[in-house]
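Visitor: Hello! I am new to protein structures and would like to learn how to read one. Could you take me through it step by step?

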Amino acid sequence: MTENQLRTLDNIRAFIDARRRPPSIRELMKIEGIKSSSGMHQRLQALVRDGYLFKLDDLNGRYVPVDQSGAVDLRGCSTEALQAELKRRTDLRVEREGTKP
């Protein structure tokens, strides 16, 4: 993990602790003083790829940290985001196992 990625992850955790919800991309860019949304997206995608973040399936494109056990920190996530994640997981289970929800 690069220093910039570690700083981003720390900033996301601090934001969630302070505001009880994950930051939007724009909020994170402002915190870190980044002007390029492309650069921020690349950093976030690298953290997702390496298993440090999970991208919520919501309209705001928010990311939440993944702890060392692989659990996703869902504190502060909206009901809609939680419902979307539950549906996504159910759909994956149905696809894998061929079972009905």
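Visitor: How are helix 1 and helix 2 oriented to each other?

Guide: Let us begin with the general idea. Two packed helices are described by the angle between their axes and the distance between the axes. Keep in mind that what you see here is a predicted model. In this model, helix 1 (residues 3-19) and helix 2 (residues 25-32) pack at an angle of about 115°, and their axes are 11 Å apart. Angles of 65 to 115 degrees count as roughly perpendicular, so helix 1 and helix 2 are roughly perpendicular to each other.

Visitor: Is the crossing of helix 1 and helix 2 left-handed or right-handed?

Guide: The crossing of these two helices is right-handed.

Visitor: Which residues in helix 1 and helix 2 meet?

Guide: From helix 1 come Arg7, Thr8, Asn11, Ile12, Phe15 and Arg19, and from helix 2 their partners are Glu27, Leu28, Ile31 and Glu32. Sorted by type, the residues of this contact are four nonpolar, two polar and four charged.

Visitor: Let me step back to the whole chain. In what order do the elements run?

Guide: Starting at the N terminus, the order is α-α-α-β-β-α. That comes to four helices and two strands. The chain has 101 residues, of which 35% count as buried.

Visitor: Which residues touch the most other members of the largest nonpolar core?

Guide: In soluble globular proteins, nonpolar side chains tend to be buried together. The largest nonpolar core of this model has 16 residues, and Ile12, Ile25, Met40, Leu44 and Leu53 touch the most other members. Two or more residues each are given to this core by helix 1, helix 2, helix 3 (37-49), strand 1 and strand 2 (63-65).

Visitor: What does Leu53 touch?

Guide: Leaving out residues up to four places away in sequence, the partners of Leu53 include Leu9, Ile12, Leu44, Tyr63 and Val66.

Visitor: Is Gln5 buried or exposed?

Guide: Buried means under 20% relative accessible area. Gln5 has a relative accessible area of 10%, so Gln5 is buried. You will find Gln5 in helix 1. Apart from neighbours within four places in sequence, Gln5 is in contact with Arg43, Ala46 and Leu47.

Visitor: How does Lys55 count, at 38% relative accessibility?

Guide: Lys55 counts as partly exposed, because its relative accessibility is 38%. Lys55 lies in strand 1 (residues 53-55). Not counting residues up to four places away in sequence, Lys55 touches Gln45, Val48, Gly61, Arg62 and Tyr63. Lys55 and Gln45 are 10 residues apart in sequence, and their C-alpha atoms are 8.7 Å apart in space.

Visitor: One last feature, please. What is the phi of Arg20?

Guide: Most residues other than glycine have a negative phi. Arg20 has a positive value, near 65°. Look for Arg20 in the loop between helix 1 and helix 2. Arg20 is partly exposed, with a relative accessible area of 47%.

Methods: Residues are numbered from 1 along each chain as its sequence is written. This is a predicted model: local features need pLDDT of at least 70, side-chain atom pairs count only at pLDDT 80 or more; totals for chains, interfaces and linings use all residues. Side-chain values use heavy atoms; hydrogens and water are left out. Axes are lines fitted to C-alpha atoms, for helices over the stretch in contact, and angles run from 0 to 180 degrees between N-to-C directions. Angles under 35 degrees count as roughly parallel, over 145 as roughly antiparallel, 65 to 115 as roughly perpendicular and the rest as oblique. A crossing is left-handed if the near helix is turned anticlockwise from the far one by less than a right angle, and right-handed if clockwise. Contact means heavy atoms within 4.5 Å. Ala, Val, Leu, Ile, Met, Phe, Trp, Tyr, Cys and Pro count as nonpolar, Asp, Glu, Lys and Arg as charged, and the others, Gly among them, as polar. Buried means under 20% relative accessible area, exposed over 50%, partly exposed in between (1.4 Å probe, protein chains only). A nonpolar core is a set of buried Ala, Val, Leu, Ile, Met, Phe, Trp, Tyr and Cys residues joined through side-chain atoms within 4.5 Å.
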